[in-house]
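Take a moment to look at the sequence and the model before reading on.

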Amino acid sequence: INAKFNNKIMLKCSFIEGPILHRLKYGKGRGQNLAKAVGMKFNKNRTIIDATAGLGYDAFILASLGANVTLIERSEKIHGLLKDGISEAMLYGGEISKIVDRMNLLFGDSKDILPNISPEVVLIDTMYKDRKKSALVKNNMRLVREVVGSDPDYIDLINVALNCASKRVVIKQPRYAEPLKDIKACSHQILGKTIRYDVY
């Protein structure tokens, strides 16, 4: 979530308050598009690698549905926020702590890590321009981009994932984003109102 400090918006990762709890409560469980995309619809407790962890919200939702999720983040600052958010959730206790207990956080570049961990499913959220979203989401995405910078090597990451994943690779994009260049056509797509999942 975002918090104001000295009139500046500060970036924070939290799994115990804010929009993530609304998504946890009203996200339609394994019927939601994210769960379908990674292959959890039919009672499969996937082992998933979130190769572009960001603030970890997709990973948290997947873990809440029973998946074991490894989050990989190469930005030292974002990794620190994730580490703090997970620690806070563990101390919070209850169901929240059980969820984050299924989340394993790694620091590093996914292109280097993926070949060494034999991933089953890899989720990649490319850095894309915001479309029609809430102000809060826009602020989060903008602040994350300010911290991590541009993401010019995402095509290389996708190719590494395609070579490593044993089950599937899922690319999260805006619904009307142009097809990815220099990447083979996906097997199928799952379309939401604003988000598209390209499934390989």
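The notes below go through the sheet, the helices and the salt bridges in turn.

This is a predicted model, in which local features need pLDDT of at least 70 and side-chain atom pairs count only at pLDDT 80 or more, while totals for chains, interfaces and linings use all residues. Residues are numbered from 1 along each chain as its sequence is written, and side-chain values use heavy atoms, with hydrogens and water left out. Helices (H or I, at least four residues) and strands (E, at least two) are DSSP runs, numbered from the N terminus.

**The sheet**

- Strands of a sheet pair through backbone hydrogen bonds, either parallel or antiparallel.
- Here, 7 strands make an open sheet in the order β5-β4-β3-β6-β7-β9-β8, with mixed pairing; two strands pair if DSSP finds at least two bridges between them.
- The edge strands, β5 (103–107) and β8 (188–191), each pair on one side only.
- From one strand to the next, the twist averages 20° (axes are lines fitted to C-alpha atoms, for helices over the stretch in contact, and angles run from 0 to 180 degrees between N-to-C directions).

**A closer look at β9**

- Strand β9 (residues 195–199) pairs with β7 (residues 168–174) in the antiparallel sense over 5 bridges.
- Across this pairing, Val170 has Val199 as its bridge partner, and Gln173 stands opposite Arg196.
- On the β8 side, 4 bridges join β8 to β9, again antiparallel, and the two strands form a hairpin with 3 residues between them.
- Is β9 enclosed or open? The strand is largely enclosed by the rest of the structure, because 5 of its 5 residues are buried (buried means under 20% relative accessible area, exposed over 50%, partly exposed in between, with a 1.4 Å probe and protein chains only).
- Ile195, Tyr197 and Val199 lie on one side of β9 and Arg196 and Asp198 on the other, and both faces are covered.

**Helices**

- Helix α3 (residues 57–64) lies across β3, β4, β5, β6 and β7, and runs at about 170° to β4.
- Helix α4 (residues 76–92) packs on the sheet too, touching β4 and β5; contact means heavy atoms within 4.5 Å.
- Helix α1 (residues 19–26) packs against α3 at an angle of about 35°, with the axes 11 Å apart.
- In that contact, Ile20, Arg23 and Leu24 of α1 meet residues of α3 including Tyr57 and Phe60.
- Helix α8 (residues 154–164) has buried residues, among them Ile155 and Leu157, and their cover includes α6, β6 and β7.

**Salt bridges**

- The structure holds 9 salt bridges, where a salt bridge is a side-chain nitrogen of Lys or Arg within 4 Å of a carboxyl oxygen of Asp or Glu.
- Which residue forms a salt bridge with Asp58? The partner is Lys172, with the closest N and O atoms 2.9 Å apart.
- That pair links helix α3 to strand β7, 114 residues apart in the chain.
- Lys172 also forms a salt bridge with Asp125, at 3.9 Å between the closest N and O atoms, and Asp125 sits in strand β6.
- Asp58 counts as buried at 9% relative accessibility, Lys172 at 11% and Asp125 at 19%.
- Elsewhere, Arg74, Asp109, Lys111 and Asp153 are linked in a network of salt bridges.
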